[in-house]
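Visitor: I would like to learn how to read a pocket in a protein model. Could you walk me through one?

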Amino acid sequence: MSPLSLDLLRTFLAVHRTGSITAAAQTLGLSQPAVTAQVKTLESVLDRPLFDRLPRGVAPTPAADELARRVSPGLDSLDEVVESELPSDEAVHLGGPAEFLCEEVMPMLAPLVRDGLRLRFTLGLSDDLLAGLAAGRLDLVLSTVRPRLRGVRADAVYDEEFVLVASPEVARSVSGAGPRELAGVPLVAYAEDLPIVRRYWRGVFGRRPTMAAQVVIPDLRGVLSAVRAGVGVSVLPAYLCRRDLAAGALVKLAEPPEAPINTGYLAVRSGAQARPAVAEVRSHLIRSLRAAPPY
């Protein structure tokens, strides 16, 4: 029987946190067979199963949850010591929605970059980015869904407000801003299932949208461009169309008493914030995002 070792416990914790042998292997820089073998070795040492195999990934047993609770503080503390010894010029890997990172976050981080910070951005959807965070490929993630991952800490840092907008020409062509008046107006959306439009319709009109998108562009900046050009109406984050609204290139079609919002979170994986650069970016973003006007 092999002795209990830190390597076995590190591998176990990576599998427990990611819920996947594959993701744990990527995090640790090992092959999948090596991770599987180490998990089996640990199960043999402890004489109890730690994971149930699923069609996709693994699920921890109660014994695994208890073991993770006991060993994670110590292993995370060791990782913090190791992380703190990394070169200070190592790049910080930050993930988030493309539009928000480019429009709002990059200007906030400009002073740190001028002082020597090295940044690497990964753009994408929150679920994919959070998986990358848990797997160790990212240091920080700005997420529009609340993270509920083991080994990940998340702070609410901003509220994203949504507005129903159109060009002045389109706005003049509609008789009102209700579902009935907008039923015949071309809709521009981010995705076929209308995630942002659906949230707005439910929050403001109390119902699901019944129309389909006439134009789908999987980039909110493209949606903004189409609406500005008079293609149709859409629901967009207020931060993205603030300048166009101020300049009169877009108009709000409705002024609800309470505009629908979506809370954004800044997530960091355990151990990563021990790196000075990661800690600096995290604290700078928390301060800057919370001090900024509503989005």
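Guide: Gladly! A pocket here is an open set of grid points with protein on both sides within 12 Å along at least five of seven lines, and its lining residues have an atom within 4 Å of a point. Keep in mind that this model is predicted.

Visitor: How many residues line the largest pocket, and which lie nearest its centre?

Guide: The lining of the largest pocket is made up of 29 residues. Nearest the centre are Leu125, Thr144, Tyr190, Pro195 and Ile196. Two or more lining residues come from each of helix H5 (98-114), helix H6 (126-134), strand S6 (152-166), helix H9 (195-205) and helix H10 (220-228).

Visitor: Which element gives the largest share of that lining?

Guide: That is H9, with five residues.

Visitor: How much space lies in the largest pocket?

Guide: First, the general idea: rolling a probe the size of a water molecule over the atoms shows where empty space is left. In this case, the largest pocket holds about 750 Å³.

Visitor: What is the lining like by class?

Guide: Sorted by class, the lining of the largest pocket has 15 nonpolar residues, 10 charged and four polar.

Visitor: And what about the protein around the pocket?

Guide: The protein has 12 helices and 11 strands, and its C-alpha atoms fill a box of roughly 80 × 45 × 30 Å along the principal axes. Of its 295 residues, 45% count as buried.

Conventions
Residues are numbered from 1 along each chain as its sequence is written. This is a predicted model: local features need pLDDT of at least 70, side-chain atom pairs count only at pLDDT 80 or more; totals for chains, interfaces and linings use all residues. Side-chain values use heavy atoms; hydrogens and water are left out. On a 1 Å grid over the protein atoms alone, a cavity is a set of points where a 1.4 Å probe fits but cannot get out, and a pocket is an open set with protein on both sides within 12 Å along at least five of seven lines; lining residues have an atom within 4 Å of a point. Grid points are joined across faces, edges and corners, and a volume is the space filled by probe spheres set on the points. Helices (H or I, at least four residues) and strands (E, at least two) are DSSP runs, numbered from the N terminus. Ala, Val, Leu, Ile, Met, Phe, Trp, Tyr, Cys and Pro count as nonpolar, Asp, Glu, Lys and Arg as charged, and the others, Gly among them, as polar. Buried means under 20% relative accessible area, exposed over 50%, partly exposed in between (1.4 Å probe, protein chains only).
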